[in-house]
Structures are given as structure tokens and as C-alpha cells.
Amino acid sequence: MSLLKVKDLVTGLASGLAIVDGISFEIAAGETFALLGESGCGKSMTALSLMRLLPDGVANLSGDVVLGGVSLFDLPERLMRGIRGGSMAMIFQEPGLSLNPVMTVGAQIIEVLALHQGLSGALALQRCVELLAGVGIPDAAWRVNEYPFQLSGGMKQRVMIAMALAGKPRLLVADEPTTALDVTIQAQVLQLLRDTQASTGMAMLLITHDLGVVAETAHRVGVMYAGQIVEQASRQELFSRPLHPYTQKLFAALPQAGLRDQPLAAIPGSVPPLGSIVQGCRFAPRCDRAWSLCREQTPAWITLSEGEGVRCHLYDRIEDGGFRIEEKTPKLQDVAKPNPILNPESCILKVQDLQVHFPIRKGILQRVVGQVKAVDGVSLAIAKGKTLAIVGESGCGKTTLGKALLQLIPPTGGRVVFDGRALGARASMQMVFQDPYASLNPKMRVAEILEEGMSALKVGANSAARQAHIDGLLDKVGLERAAKWRYPHEFSGGQRQRIAIARALAVSPGLLICDEPTSALDVSVQAQILNLLKSLQQELNLSYLFITHNLAVVAYLAHEVCVMYLGRIVERGSTDDVMNHPAHPYTQALLSAVPRIDEGAREYIRLAGDLPSPANPPAGCHFAPRCPCVQDICREHYPNAVNVSESHVVHCHFQSISVDGMTALD
Amino acid sequence: MMPVILWSDALVFLLLGACCVAFWHIRRHEHLLLPWRRVGRSAVAMCSLLVLSLFVLVGLLDTLHYRVALNGAYSPEVLSVFDKLAEPLRLHTEKTYSAPLAVALYAKESTTDEQGRVVRTYPRLKYGGAHLPEASGYDVARRALTGAIAGVLAGLLLGFKARRAIGVTVVILAALIGMTLNLAAVYHVLGTDKVGQDVLYLSLKSIRTGLIIGTVTTLVTLPLALFLGVAAGYFRGWVDDVIQYVYTVLSSIPSVLLIAAAVLMMQVTIDTHPNWFDTAASRADLRLVFLCLILGMTSWTGLCRLLRGETLKLREMEYIQAAQSFGVSSMRILSRHIIPNVMHIILIALVMDFSGLVLAEAVLSYVGVGVDPSMISFGTMINGARLEMAREPMVWWALAAAFGFMLTLVLSANLFADAVRDAFDPRLNRS
């Protein structure tokens with residue numbers, strides 16, 4: 001017996017344009033159903049339709065939603081309010097925005113308790129503390145009186161979950177619950193959701209774009225594309241035998257270490273805009289297996305077995321579904337194997353002991369009382385034509401490091417040598433930013449954006465030469481030449497990121513600092529950009545400093561990896577060394593926290609607590625308070641660099657002991 | 001005839017030129033045109049714009065000044081095109097107060113009749129209703145009706161293709177104008193004031209003063225607020241400290257006090273140098289321009305603070321950092337990246353400020369530190385009405401006329417400002 005039944009749900013604009021176009025699914029109690037898809041597919045609209053919380057101008061046009069035998073669309077608003085937060089609760093993507101900043105977290109949870117459980121006073125407070133303790137918040141009795149700004153991102157999301165659980169819901173709708181969180185925190189939150197589900201037996205609708213999260217959490221999966229569910233299957237079935245070409249493409253587009261020497265199977269183009277495809281399969285324009293029928297006739301839903309099916313013409317007659325499509329991925333021209341030992345002469349960038357400190361001022365006289373050591377003595381080197389990845393959680397100082405190298409933030413100390421000279425020439429180093437929507441001035445045309453750097457740095461003799469250069473750049477990044485007369489808002493996220501890359505390349509830099517260039521993009525578009533970066537590197541012999549938190553991208557793209565923790569590099573080595581034989585406990589925990597799609601069970605190293613404040617780093621090894629194998633020495637002395645192998649350096653007492661031990665044995 | 005360009009005229013032409021350049025620039029850029037299209041789609045905005053443009057038309061006609069040639073020399077009186085068009089209104093002055101549409105004065109006077117007896121009666125007006133043997137409500141109604149019908153017909157002709165709300169506005173306005181024109185030919189539609197001047201004429205002349213106060217002031221406000229606000233937000237540090245200090249100090253001085261002091265000083269200077277001015281109009285005009293200047297100096301702080309805040313937000317945007325990493329100069333970043341991105345805020349603030357400034361003029365003139373007493377404005381009309389209201393029987397029409405005209409002007413400006421703000425507000429969802 002299913003708890004939630006959604007049948008032919010259509011949600012759209014009042015004009016009849018459907019955002020969610022006839023989706024049906026069921027969720028049983030104790031089951032997790034994941035809606036998977038790229039942005040703009042209508043996943044969040046589906047969730048809001050269920051809650052009947054649609055924004056103005058959007059309405060449920062037809063269909064039926066039955067929760068525990070009650071049809072939600074027939075209920076008057078008064079009764080619906082009892083259902084929301086009561087039998088059905090929702091947690092949102094951005095925990096920072098979903099909590100009221102002027103109310104204590106306790107007051108916000110007690111509000112829910114008073115509404116749905118009729119509790120008040122000491123009883124409510126007691127239940128509130130129980131709930132907070134239940135979601136793993138330490139010192140719950142004390143945290144009740146804290147305001148949201150006093151909590152970290154992971155804590156806030158726990159509070160959100162506690163609030164959602166306060167009404168004892170039978171269905172929990174989680175809309176991208178971990179997208180805004182770091183991997184280690186994400187692993188904690190997903191574990192919490194699984195544990196809660198196991199103890200309460202509630203059903204869960206999980207909305208995500210992350211295949212890894214689906215693999216870790218979901219029992220059954222619905223893949224959404226352009227407002228429709230194109231494939232529905234159990235998790236095992238979907239991951240072992242994806243049927244729809246879109247699903248197959250999504251898997252193929254994931255960057256992996258094993259695909260290093262070949263381009264990713266990117267899906268060309270992007271999700272079609274609302275209402276642009278009325279006839280035929282919505283995926284047909286991006287599908288390499290589409291034939292004429294796909295463009296003429298809308299594929300029907302083909303039920304393969306109970307709760308499983310696909311919407312694709314490929315399976316019109318073939319009921320056994322044994323139709324596995326092999327990806328044809330062209331091999332790149334022979335790639336030089338990464339040289340494990342850096343030749344000091346070939347280094348394009350050498351950084352020694354770079355420090356960026358921000359003073360903390362206090363009091364009437366604004367005296368400096370301390371320093372936020374955002375970057376605290378970082379040394380690194382990048383070889384010509386190679387990629388160095390900087391990995392770390394948010395707040396570890398990796399973006400500050402990138403900006404300090406570009407002199408956007410004045411460094412406090414240290415030495416940066418670029419191409420044999422001290423830093424100065426701007427053209428030789430450029431940056432690609434994280435958010436392609438914020439990094440292009442909306443009031444300037446593409447040609448003006450690209451020309452700005454050239455004219456500032458006097459590249460190109462005259463206007464005609466610059467225009468010719470711009471045409472060449474647009475060709476290089478795979479945009480039409482006509483694009484230069486258009487404004488940024490006319491482009492999709494992936495295209496904007498291409499423009500941003502073209503802008504950086506306009507002044508022919510030797511090194512590109514890429515600050516999370518794909519984290520704002522969908523998986524399929526991310527693959528396009530990664531392919532572009534890789535081919536540009538080969539073509540122009542560029543070096544990249546790749547700042548990211550996405551370890552899969554690192555494994556795919558980087559030659560060398562630095563792991564940063566609290567302003568310092570804790571481990572450095574070639575990608576193979578670090579990804580396959582991590583030596584630092586933090587790297588090990590980071591790697592184990594990444595949700596994987598390939599294997600079911602794995603060992604997860606749970607890290608306690610959050611990243612400490614860089615204003616007040618722990619004494620001794622910064623990682624000591626969270627480290628699973630901490631020793632006394634760790635709390636007293638910061639560990640020196642230890643060479644694990646020629647190309648692999650780590651800052652850890654544990655490693656130095658084992659290395660010493662080994663030398664002692666020798 | 002000699003064209004005369006007063007200081008305020010020159011500033012109005014400058015402003016008009018700037019508007020034309022902006023219009024031409026916006027026409028050529030699709031992304032700039034987009035929010036204006038949204039303004040165009042709003043019926044409220046277009047109706048209030050229609051009303052506003054009538055006011056602006058009167059104001060512009062009143063801005064084209066000239067002096068008439070009188071056998072060899074030029075007349076000392078500066079006239080405007082509007083004065084010429086409204087010549088009958090201007091020249092048909094009565095002896096003193098008369099009520100709207102009246103045929104006789106408002107107060108009884110002693111006159112001698114044919115038999116030589118002295119009688120106290122309401123004397124007939126020289127011009128108002130002079131074509132009639134005696135007061136006739138029928139004549140007023142007939143003229144109003146024929147004027148209104150002619151107006152409606154003209155309105156239908158003009159507005160039959162427009163959208164419904166705009167069409168209705170056009171017809172109503174045309175009917176009102178037709179009615180007024182037809183009645184004003186032989187009556188004083190809004191009565192006359194103490195010295196017998198037509199109140200309708202005074203009200204129409206006040207429009208220019210109001211518009212100039214509302215728009216020319218922005219010429220002073222804008223460069224100050226824009227440059228200082230953006231510089232404070234972008235450079236931070238001591239630049240920010242200095243600018244913040246200046247505007248905090250300025251906004252903590254009571255602005256009326258500051259304006260009164262400045263205007264009185266100006267008045268003394270004007271009075272001690274009568275040789276600077278060849279006409280009375282140019283003297284009154286200088287005081288008007290100076291008032292705009294003073295109002296501008298005291299009212300830039302609000303916009304400056306707004307722009308500083310917005311720039312603080314913009315300077316952290318990644319496209320600014322991208323420009324910085326190219327080594328683009330600060331001035332260029334300000335002019336190419338920041339100013340175009342705060343333009344919508346400036347526009348909204350200016351349109352919203354307009355009505356406030358029109359009202360400020362009325363208050364200042366009432367207090368006696370506004371425009372020159374010889375200059376016709378809403379403020380001087382209201383100031384004059386102060387004594388008339390205390391009189392028995394009460395003279396209400398001058399105040400009512402000033403009130404009505406000012407209300408219409410400010411209300412339509414406010415409605416238009418609201419529509420502009422909605423169209424430019426990025427936070428409003430427009431799916």
C-alpha cells in the first residue's frame with residue numbers, strides 16, 4: 001500500500017504552459033523515492049505542487065495527489081495547513097535562508113510543536129531538546145536558545161530537519177537537502193536522514209541532481225527531463241541498467257579518474273525552454289540515438305514492470321529492454337603521461353610560504369586583536385601545461401589563495417614567482433570564476449566583455465586586430481561568431497562559462513586560475529566545460545590552478561593535487577597518489593565522504609564537528625580535534641612535511657611515525 | 001521681438017537635451033528598452049504619463065521666453081509663448097476677487113445708478129460674462145456642454161485606437177480641456193484673485209515653476225550623489241569615511257534652516273546689485289535657480305547613501321573582480337561596470353523625488369524662503385490664500401485651484417514613479 005500516490009500531475013502557468021507535465025509516481029511508507037534531473041526540469045515545482053505552495057501565476061492544472069487516502073487537491077486551504085508540517089514536511093536547499101534570523105532555533109521548533117502537536121511550555125521545550133539531540137546537535141539544551149547565525153551550515157540543516165520532524169510527518173519532502181553543504185557535512189546529513197527514516201518509518205521524496213546522493217539514499221528513482229519522468233526504476237536497476245538515453249548520458253557525463261585520457265560524453269546543448277517542444281520526444285534534439293520518429297511522435301510511457309518504466313521510442317517493441325548502448329567516446333590524441341617529479345625549471349608558477357591574513361579589529365579604537373589566517377604559509381608549484389587542483393571544504397582558504405595569486409587581495413607575506421619573474425604582469429595569469437551569472441556584466445555585449453582586458457593590457461594593435469582575435473576566441477571556446485553582438489542574458493549557464501573562459505584567454509595567459517568553474521552548472525554541461533578546458537590545455541599548453549571541492553572532477557582533470565585544511569596544505573602529491581593512497585586522515589575522510597555510484601557499501605570515516613574558525617585555529621595540528629587517529633603529539637606540535645614518496649608530501653605526525661618506523665625497520 | 005534665455009530656461013533645455021540623448025541611446029539597446037516596454041504595458045503608467053505630458057507641454061511653452069519690440073527698444077516685460085497663447089486670460093484682469101464663473105465681483109460696492117442714487121450692489125465684471133445682460137446658469141451649462149462634446153469628439157478621434165484605459169483617459173481629458181476652453185473665452189473659470197488676475201492663468205503659470213523645481217534640482221543632485229555614492233562604495237577606506245562624514249553631517253542639519261539661510265543671503269546679494277539684472281523676470285529667475293541649487297545640495301544625501309550601498313554589493317561581483325584582474329583602471333570600472341548597473345536605482349529615485357520637490361517648493365514659498373514673490377508658483381498662491389481663508393466671506397478658489405493642480409501633478413508623477421519602480425525592480429517575479 002503506497003502512502004503517496006501522484007497521478008498525472010500537471011502544474012503550469014495559467015496560460016496552460018506545463019512546467020510539470022503529467023507525472024505519476026508512488027511512494028510507500030519507509031521508502032525513499034528520488035526525483036533526479038538537471039535544473040529547470042520541474043523537480044522543485046513537483047515538490048511545491050504536493051505541498052500546494054506554488055508561486056503566484058503557477059497552478060495545479062490537473063491530476064491527483066493522494067496522501068494516505070486523502071486527496072490533497074480537494075482539501076480546503078484550512079485543512080491543508082494542518083497537513084503541511086503535520087503529515088507532510090519539507091526541507092529546503094538553503095538552510096541559511098529557511099530559518100528566521102531573528103528567532104532562536106528553539107522558538108522556531110516550538111512554533112511547529114504548538115501548531116501540530118498542541119504542546120506548549122516546558123513540555124514543548126523538552127520535546128524540542130529531544131528533537132535537536134535526535135538530529136545529532138551536541139549540547140541541545142543549550143543550543144535551543146541560539147540564533148541561526150550562531151550555527152554552521154550543517155547545524156542549520158540539522159535544525160531544519162528537526163523542525164520538519166517536529167510534526168511527526170509521514171512524508172518528508174527534501175528538496176536538494178545537501179547541495180549547499182560540504183561533502184563531509186553532506187555525508188553526515190544523508191546518514192541522519194537514513195537513520196531517521198529507519199527509526200520512524202516515514203516515506204521520503206528526495207529531490208536532487210546528484211547521482212551520488214541518489215545512489216546513497218534512494219530506494220527507487222524517477223529521472224525527470226523537461227517536466228516529464230522519462231525513466232523510473234529501482235536504484236539497483238537504474239544504476240546497473242539505465243534504459244533511457246538521457247539517463248545513460250548522465251552516467252557517462254560524470255567525470256571519473258578512469259576516464260582521464262578521454263573526453264567526457266557531454267550532452268550537447270541544454271534543457272529546452274518551457275513549451276518549446278510540443279511534438280515528439282523532448283530529449284530528441286540532444287539525443288544521438290534519435291531518429292525521425294522521435295521528432296514526430298511523442299513517446300508514450302512504457303511500463304516494464306511494477307513501478308518501473310521508460311518513456312522512449314527505443315523500447316516501443318522491445319519489451320525485454322536488453323538494449324545496452326555502448327558509448328562511442330573518441331580518444332584524445334596521445335596524452336603525455338603526467339611526470340611525477342616536478343622539474344623545477346619547467347615550473348610556470350612557484351609560490352613560497354604565501355600568507356594572507358585579515359586583521360580582526362575590536363573596540364572603539366579599532367585595535368587589531370587577532371588575525372584571520374585565511375591562507376597561512378602555502379607553498380606550491382605548477383608545471384607548464386599541467387593542472388594543479390586545490391581541494392578543500394568551504395572556508396579552508398582556497399578561493400582566497402586564488403585571489404591572492406591574482407593580487408586581487410594583497411598577500412601578507414610570502415613569495416610568488418611567475419615564469420622566473422616576481423609577480424607583476426597581469427596578462428600572464430587570469431581567473432575563471434565560479435558563477436557564470438555573476439561574472440559577466442549584464443550591461444555589456446560579449447564583444448565588449450572580451451575586448452575589455454585586451455584594451456586594458458594593450459593586447460592587439462588596433463580595433464580590427466582585436467575583433468579578429470575575438471572571432472578566433474569564440475571559435476576556440478565553441479561559440480558562434482555572431483554571439484559577440486549579444487548580451488550575456490541571452491546565453492545559458494554553460495555558454496556563459498564559455499564566454500568567461502574566452503575572456504580569460506583573450507590576453508593569452510600562461511596560467512588560468514579556475515575557481516570552481518563547474519559547480520554552478522548541471523552535470524551534462526559540466527562535462528562540456530571540462531572537455532573544453534582539457535582540449536584548450538592541450539592546444540595552448542596552458543597551466544591550470546583548479547580550485548574545487550568536487551573530488552571527481554579532480555580525479556578526472558588534475559595532474560597534481562593539494563589538499564587544503566584551514567589555510568594550510570596538508571597533503572600534496574600526484575593525483576594517483578592522493579586519490580588512491582591518501583596519507584592524511586583528512587584526505588581519507590574527504591574521499592570516503594564522497595557519495596559513489598559504483599559500489600553499494602563502503603567504509604565511511606565520520607568526521608566529528610565542523611571546520612574550526614581560522615581566526616582561532618586549534619593548537620598543534622589543525623585537524624587534531626576532528627581526527628579519528630589523533631595522538632598526544634598532534635595537539636602540541638604542527639606536523640612537518642613528510643615525504644611518503646617522491647611525488648607525495650603530507651603533514652601528519654601519524655605518517656611521520658609510520659615512515660620513521662619503516663626507516664627504523666630498515 | 002528678442003528671444004530671451006533665462007538661466008532656468010537654459011537648464012531646462014540642457015535637461016531636455018539629456019533626455020533626448022538618453023531616449024536615442026535606449027532605443028538602440030534592446031536590454032535597456034525592455035523595462036520601458038514593461039512601463040508601456042502598464043495602463044496606470046501610460047494614463048499618468050499622459051497627464052504628466054500635458055503639464056510638461058504647458059511648462060515647456062512657458063519656457064520659451066521673448067521680449068516684444070516697442071518702437072526701437074524692447075519692452076522690459078519678458079513674455080513666454082504660453083503667455084501669448086493665453087493672452088486673453090492674462091490681460092482680462094478684473095478689479096478684485098470674483099468667484100469662479102461669476103459675472104459680478106465677490107463683494108458689494110457703492111455705485112451710482114442712472115437716477116444718481118448711491119446703491120450698494122455687486123458690480124458687474126469687466127470681462128467675466130460681459131456678453132450677457134445678467135447672470136445665467138443656462139449659458140454656463142450650454143457652453144460647458146458644447147465644449148465637452150467638442151472635446152469628447154476630438155478625444156474619440158485621437159484615442160479610438162488606444163487601449164481602453166488610455167482611450168477613456170484621453171476622452172475625459174479632452175472633454176475637460178474642451179469645456180475649460182469654451183468657458184474661459186468669456187468667463188473666469190476659476191475666478192480671480194485680489195488684484196483681479198485670472199486664477200486659471202495663475203495655476204497654469206505655476207506649473208513651470210513646479211516642474212523646474214522638480215527637475216532642475218536633479219541636475220545638482222545627480223552628479224553629487226552619483227559620483228560620491230559610487231566612489232564611497234567602490235573605494236571604501238578613507239574615501240568612504242570622508243564622504244559618509246560629509247553626508248551624515250549634512251543630513252543632520254535641519255534642511256529648512258539651511259535653505260532659509262542660503263536663500264536670505266542670496267536675496268541680500270540680489271537686492272544690493274540691482275544692476276546685474278536687466279529685467280524683473282531675470283531677477284526672479286536667478287532666485288529660482290538658486291533655490292534649485294540649495295534644494296539639490298540638501299537632498300543628494302538620500303540617493304548617495306542608496307548608491308553607496310548598491311555599489312558595496314556590486315564591487316564584490318565577480319565581473320568587477322575579473323576587470324580588476326585585467327588591471328582595468330578604477331575610473332573605467334566605475335564608468336563601465338558600476339554606473340550602468342546602478343542606473344535603474346537612479347531612475348527610480350529621481351522619479352520618486354520629483355513629487356517631493358514640487359511639494360517642498362510649496363512649503364518653502366509658504367514659509368517665505370521659496371521663490372521670488374513676483375514669480376507665480378503654487379507656493380505663492382497658497383501663501384496668498386492664507387489671508388483669503390481668514391476673510392469673511394471666505395475666498396476659497398485660489399487655494400482650491402492650487403491644491404487641485406498640484407494634487408493632479410504630484411499624483412500622476414507618483415503613479416508613474418510606482419510603475420517605473422515596478423518595471424525596473426529585479427526582485428519582482430515576472431513569469
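## Report on a predicted two-chain model

Of the 431 residues that make up chain B, 39% count as buried. The structure described here is a predicted model.

**Chain B**

Chain B contains 15 helices and 5 strands. Its C-alpha trace spans about 100 × 60 × 45 Å along the principal axes. Among the contacts in chain B with a separation of 6 or more, 69% are accounted for by residues 24 or more positions apart.

**Strand pairing in chain A**

Strand β1 of chain A, residues 2–13, has two antiparallel pairings described here, one with β2(A) and one with β4(A). The table sets them side by side.

The pairing of β1(A) with β2(A) takes the form of a hairpin, with 4 residues between the two strands. In the turn, A:G16 has a positive phi of about 100°. In general, side chains in a regular strand alternate between the two faces of the sheet.

**Domains of chain A**

The domain assignment divides chain A into domain 1 (2–87 + 169–320), domain 2 (88–168) and domain 3 (344–421 + 520–664). Between domain 1 of chain A and domain 3 of chain A, the C-alpha centres lie 36 Å apart. Contact between these two domains involves 30 residues of domain 1 of chain A and 26 residues of domain 3 of chain A.

On the domain 1 side of this contact, at least two residues each come from α8 (183–200), α9 (211–217) and α11 (245–253) of chain A. The largest share is that of α9(A), with 5 residues. Sorted by class, this side of domain 1 of chain A has 17 nonpolar, 7 polar and 6 charged residues.

**Contact between chains B and A**

Where the two chains meet, 17 residues of chain B are in contact with 24 residues of chain A. On the chain B side, α12 (318–325) and α13 (330–367) of chain B each supply at least two residues. Of the elements on this side, α12(B) gives the most, namely 7 residues. By class, the side of chain B that touches chain A has 7 nonpolar, 9 polar and 1 charged residues.

Terms used
Residues are numbered from 1 along each chain as its sequence is written. Chains are lettered from A and ligands numbered from 1 in the order in which they are written. This is a predicted model: local features need pLDDT of at least 70, side-chain atom pairs count only at pLDDT 80 or more; totals for chains, interfaces and linings use all residues. A residue is buried if 20 or more other C-beta atoms lie within 10 Å of its own, exposed if 12 or fewer, and partly exposed in between; C-beta atoms are placed from the backbone. Two residues are in contact if their C-beta atoms, placed from the backbone, lie within 7 Å. Two strands pair if DSSP finds at least two bridges between them. Domain bounds come from an automatic or database domain assignment. Ala, Val, Leu, Ile, Met, Phe, Trp, Tyr, Cys and Pro count as nonpolar, Asp, Glu, Lys and Arg as charged, and the others, Gly among them, as polar.
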